[in-house]
Amino acid sequence: MKVHEYQAKNLLKEFGIPVPAGEVAETTEKSIEIGDNLGNVCVLKAQVHAGGRGKAGGIKLAKTKEDVKKFANELIGMKLVSKQTGTEGKIVKKILIEEIKEIEKELYLGIVIDRSSACPVIMASSAGGMEIEEVAAKTPELIIKEYINPMIGFKPFQARNIVTKLNLPKEVHKEAMSFIANLYNLFISKDCSLAEINPLVLTKDNHILALDAKLNFDDSALHRHKDIQALRDTDEEDPLEVEASKYSLNYIKLDGNVGCMVNGAGLAMATMDIIKLAGSSPANFLDVGGGATVEGIENAFNILLKDKNVRAVLINIFGGILRCDNLAKGVVEAAEKSQVNLPVIIRLEGTNVEEGKNILKNSNLKFSVADTMAEAATMVTQAVS
């Protein structure tokens, strides 16, 4: 789950991490009020779940009250289009208005889970303000990494290593070490999947400050954090993904034309790969779960049918605890209720697979039954060609 910059900064403040003074506004009138409180020398930042806001015209520097009014009118309600939003863009409903700080140096600080080492890794760089992927590609020597053993936790010497390698002035070492330790505490305490400060700045008066902030959270851990759940902005999410979450379905919108219905994330990944190999492209990642039910499959069909790009559906199901014959009955019942008119290709494997195939073949629905994943991918590619 993602949150807005202003929400991330409120969480940073809770953990003793310094951020610029500022407030969020939804109207021009509120923007003018906040600008007055900041002396009208401030920055106005569009609040959307996407990066690249500056290049897309979503960040404005104001020097007068007239500037604040003008930029607030421009930003609130604008359609912001960046590389991350895609051509459809995002409508700006809120703006964050903050004081302007004189910057001596821009840095980068981020924390993610490193899958290869199965532990959190803190990354820092003197190349602040740039995308870390670009830094890694062009100047990887500028990236500092500290791997944190989750059984031991974050230690002061690791913060010292980072601060020293960033070549910060000695008088701010203690403050910078505290900043890093507090960010790690937030990352662990709130079950983050990403905590990124870019840029992290050294101000002219020798203080460390989070000029921007991005926090993502592990969806599987949200049940432990009701306060984080309350920050969710469904207007920033794909409507079909929001609907799928209501039924505990894992759905991710992609840009192809083959609807993929599977049970299990691993099978979903393999299905999308083989669809690509066959020459077509998946329209989504839709996982109905290991214990797929008639209701779950029906809801999945309904979501697939709402995606106008879907021209055919590939159902790839492995029957384990749930037998293939029972699963086939569920697919037939759900398809009848949902009135599916698209080509549907089904590949079943597992317990009672032959019985399941017979149920599908003998139904009144125009299902195409495949014996292998490769055959299913070829059939669905032909259906959308």
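A: Happy to. Buried means under 20% relative accessible area, exposed over 50%, and partly exposed in between (1.4 Å probe, protein chains only). Helices (H or I, at least four residues) and strands (E, at least two) are DSSP runs, numbered from the N terminus. Keep in mind that this is a predicted model: local features need pLDDT of at least 70, side-chain atom pairs count only at pLDDT 80 or more, and totals for chains, interfaces and linings use all residues. Residues are numbered from 1 along each chain as its sequence is written, and side-chain values use heavy atoms, with hydrogens and water left out.

Q: Which residues of helix α3 are buried?

A: In α3 (residues 65-75), they are V68, F71, A72 and L75. They sit on the same side of α3, because they cover an arc of only 105° around the axis. That arc is taken from the directions from the helix axis to the C-beta atoms.

Q: What do the buried residues of α3 pack against?

A: Contact means heavy atoms within 4.5 Å. On that basis, the buried residues of α3 pack against α2 (28-37), β2 (42-46), β3 (59-62) and β6. Just after α3, look at G77, which takes a positive phi of about 95°.

Q: How do I read salt bridges, and how many are there?

A: Look for a side-chain nitrogen of Lys or Arg within 4 Å of a carboxyl oxygen of Asp or Glu. That rule gives 24 salt bridges here. E74 and K70 are separated by about one helical turn, because they are 4 residues apart in α3. Both ends are partly exposed: E74 has a relative accessible area of 35%, and K70 has 44%.

Q: How many disulfides does a search of the whole structure find?

A: A disulfide is a covalent bond between the sulfur atoms of two cysteines. The cut-off is a pair of cysteine sulfur atoms within 2.5 Å, and the search finds 0. Take C192: the closest cysteine sulfur, in C119, is 16 Å from its own, too far for a bond. C192 counts as buried at 6% relative accessibility, and C42 is buried too, at 0%.

Q: Which residues make the nonpolar surface patch?

A: Patch residues have over 30% relative accessible area and no salt bridge; like charges are joined within 9 Å, nonpolar side chains (Val, Leu, Ile, Met, Phe, Trp, Tyr) within 5 Å. Accessible areas come from the Shrake-Rupley method with a 1.4 Å probe, and for residues only the protein chains shown count as cover. Here V41, L61 and I100 make a patch of about 270 Å². I100 is in the loop between β6 (95-99) and β7 (103-114) and is partly exposed at 39%.
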